[in-house]
Amino acid sequence: MLGNFTYYNPTKLFFGENALDSLGPELDNYGKKVLLTYGGGSIKKTGLYDKIIAILRERGKEVVEVSGVMPNPTIEKVYEGSRIARENDVDLILAVGGGSVSDYSKAVSVSAWCDEDPWERFYWRMEAVENRVIPVGVVLTMVGTGSEMNSGSVITHTEKKLKIGRVFDDDVIPKFAVLNPKLTFTLPKKQMVGGIYDIMSHINEQYFSGTDDNTSDYIMEGLMHSLINSSRAALKNPEDYEARSNIMWTATWALNSLVEKGKTTDWMVHMFGQSVGAYTDETHGHTLSAVTLPYYRYILPYGLAKFKRFAENVWGVDPAGKTDEQVAEEGLQAMGSWMEELGMAMNLRELGVTEDMLPGIARGVYILEGGYKVLNKDEVMEILKRSM
Ligand code: NZQ
Ligand code: ZN
């Protein structure tokens, strides 16, 4: 049965190959001073930076910049951006990049006017934002996280070796997002498949929980079908617009809070993946794929009916003459083959994890309680060992 909920998502989306045409008029809704945030230089190589600057100038904006936002953005970088945003009293943060730049911009949006250490207040103690929040807009160049339409922000504390995701209130969700699938054509393959697998994982995290008959599960099965189909087309031809546009749209719906409404969720693969990320600084999607199958095989007996349904409805496994356990396992095998087809990391060693890192990684895994099995710390360690 669907639980009670409120659904509200304020992000205005501009989708399609001409989506950037909407940026100029949209910018008129905000004040003069814009903080432009971007990553390590891909937007300069592709020419997008010049286009954005031209639009900002045309609209009479004063622009300050923070460049070099790294994948898995750090709190040190957030301090830098917050200082710049506050000193310049900016009216809007325009994030041009992937989930990292978008998450980073949200972190700056809540931190700039916070008089305490934002790491301690927002990411460690998880306290509410009571200070002024600067609006964020996004031009997305990398697909996967759903950050363009959610209030999540994942930040790494390098010294403490902690990577923590925070879900803020609705006022931190980007006000608008420009989604042009063509901007994703230039992604290196490792990033493209990392993003595709991240989408699958977001759906799985929300699907593998609960035993009720729930509309969200049917929506998620549809999203998974579309993703699997489009991922194969994009692998063959990265410039397949139909495939890349479907992947982009699926990513947004996989994590804009729609499909979690009225149901419980798991999110343990992300808890593992984030801690692995804090130790390896690896691409997010690959930190997830490396732990996925050992984790799901471990919890499968506790959520057997859903794993069986996943095998049949998503991967087309024929249940005739098989036990429920066999059907469920075949579903995971089918997903495993698809992950290999994509070229995902299939174990932690591939990411450079060594045995001596495991106790630290295990310590950084937050245990959530919405899934089929609430793990204890020994089980976390056991799953990490099985992921090697
Ligand atoms: O820095 P540049 O030079 O721009 O290069 C980036 C970066 O190296 C490159 N790239 C992006 N667009 C490109 C491109 N290269 C060529 N052409 C383009 N069009 O791709 C690299 C990775 O970018 P990044 O933003 O790090 O990837 P992603 O979108 O996967 O974001 C990952 C971050 O988001 C967090 C992850 O933990 C990670 O820190 N997540 C955020 C979530 C959220 N807000 O809800 C949920 C997710 O589960 C995830 O945890
Ligand atoms: Zn993710």
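How many Å separate the centres of domain 1 and domain 2, taken over C-alpha atoms? The separation is 27 Å. This is a predicted model, in which local features need pLDDT of at least 70 and side-chain atom pairs count only at pLDDT 80 or more, while totals for chains, interfaces and linings use all residues. Residues are numbered from 1 along each chain as its sequence is written, chains are lettered from A and ligands numbered from 1 in the order in which they are written, and side-chain values use heavy atoms, with hydrogens and water left out.

Domain 1 covers 12-183 and domain 2 covers 189-386; such bounds come from an automatic or database domain assignment. Across the boundary, 26 residues of domain 1 are in contact with 24 residues of domain 2, contact meaning heavy atoms within 4.5 Å.

The protein chain as a whole holds 15 helices and 8 strands. Both are DSSP runs numbered from the N terminus, helices being H or I with at least four residues and strands E with at least two. Of the 388 residues, 58% are buried, that is, under 20% relative accessible area with a 1.4 Å probe, protein chains only. Among contacts with a separation of 6 or more, 78% join residues 24 or more positions apart. The C-alpha atoms fill a box of roughly 70 × 45 × 45 Å along the principal axes.

The zinc ion (ligand 2) has four protein residues around it: D198 (OD), H202 (NE2), H270 (NE2) and H284 (NE2), at 2.0 to 2.1 Å. Donors here are N, O and S atoms within 2.8 Å of the metal (3.2 Å for Na, K and Ca); water is not among the atoms, so sites may look incomplete. Along the chain the donors follow the spacing D-x3-H-x67-H-x13-H. Distant parts of the chain are linked in this way, with H202 in helix 7 and H284 in helix 11, 82 residues apart. H202 counts as buried because its relative accessibility is 2%, and H284 counts as buried because its value is 18%.

Helix 11 is also one of the packing partners of helix 13. Helix 13 (residues 324-342) has 19 residues and reaches 28 Å from its first C-alpha to its last, close to the 27 Å expected from 1.5 Å times one less than its number of residues. Its buried residues include V327, L332, W338 and L342. The buried residues of helix 13 pack against helix 7 (189-207), helix 8 (215-236), helix 11 (284-299) and helix 12 (304-315). Just after helix 13, G343 takes a positive phi of about 95°.

Note on methods
Buried < 20%, exposed > 50% of the residue type's maximum accessible area, 1.4 Å probe, protein only.
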